[in-house]
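Dear colleague,

Please find the structure below, together with its sequence. A short account of the findings follows it.

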Amino acid sequence: MQVLDAILADADAFRQAVKERAAFRPLYVKMKIIFGCNLKCEMCNHWRAPREAPLSNERLREIVDELATLGCKKIHLSGGEPMLRPHVPELIAHASNLGIKMAMTTNGTLIDKELAKSLVQAGLRGVNLSLDSPDRKMHDRVRGVPGAWKQTTRAIEHFARFAHKGKVALRINTVVNRWNYATLAPLPDLAHELGARALNLIAVDDHCGPHLALHRRDIEKYNTEIAPRIAERSLALGLMQKEDQAYPFGRTQRDISLAKRGQFAFGWYDRFPCFAPWTHSLIDYNGLVYLCCMTRERIPPLGDLKQSTFTEIWRGARYQIARRLMHPPAFTPCRRCDDFLEDNRKLFEIADDHLATETRRIIPCSSV
């Protein structure tokens, strides 16, 4: 809502930026601050191969300074596992002191009670912890390291102390896959018991490997036997706001067919644009800048922060081309993404006829 509120507060400038295919403001930026990870998750390649060194702490602080100047409202830290990197609390404190809301996704296995406290005191205001089953053996199987479940659930409990006081928003992320889906019905009760305030179910993507992808019969079983129980308990416990959140593969036969093809936007970007190129950016661990996570490794980078400032990239020719090409049907990777669906739908709800006409004509993701 912070991004939407900022757009609403300056709606005329946003409409003009969309009309001119020009930069607006990078209101929400994701920063992958490291590539490596201490777990060996089945659905992830971060642990399988070494990569080049990440940007230095000094360069990260310079980028944060620049983002603050450009009007950034939120930065989300991720990896790999961001807590493998030293000085994360200091980076969070630096950005927080500039008025930027800080959030992070972590597996939690490296976070003890004192570190959780220092992160929140530094200004961490949102934390997503990855928990892939209420069954510890299943979680450890998916995550590839024995004992991971115990460490992650402890980290959730450490942050829950602060979530209870309203100091940090605490959410559990769960990747729904063929291995774990049948174990997930008790997940809302465990999340509530641990102190989480929200539950986010993520459909496994086919790039994770065919051994994890659900067959149609698996999805139908999940939708019939598991999702209704998750929805009922999650709504009752305040972990979800809508019943559909318990159905990451969709509910209709059409949506399930699209999900089986990896199109988790369920056709939205065949008809409507994504506004992320005007309001969002992804900064990779090595300084490469992309439109978003979904276009990373699928579309060439828009710039390199080892060679340019973020402002030069944000206002530069490659970003401009991407904004010009952002028109339905979307870039191919956009069809696979549900990250910004709710925001984009709300933007269309608040847009006037001129904005709707312009954006339908000019805008998201087929190829750059």
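In what follows, buried means under 20% relative accessible area, exposed over 50% and partly exposed in between (1.4 Å probe, protein chains only). Helices (H or I, at least four residues) are DSSP runs numbered from the N terminus. This is a predicted model, in which local features need pLDDT of at least 70, side-chain atom pairs count only at pLDDT 80 or more, and totals for chains, interfaces and linings use all residues. Residues are numbered from 1 along each chain as its sequence is written, and side-chain values use heavy atoms, with hydrogens and water left out.

In helix H10 (residues 253–260), the buried residues are Asp 255, Ile 256, Leu 258 and Ala 259. They lie on the same side of H10, because they cover an arc of only 160° around the axis, taken from the directions from the helix axis to the C-beta atoms. An α-helix has 3.6 residues a turn, so residues three or four places apart point the same way. The buried residues of H10 pack against helix H9 (216–237), contact being heavy atoms within 4.5 Å. Just after H10, Gly 262 adopts a positive phi of about 80°.

The loop between H9 and H10 contains Asp 244. Asp 244 is partly exposed, at a relative accessible area of 47%.

Yours sincerely

Note on methods: Helices (H or I, at least four residues) and strands (E, at least two) are DSSP runs, numbered from the N terminus.
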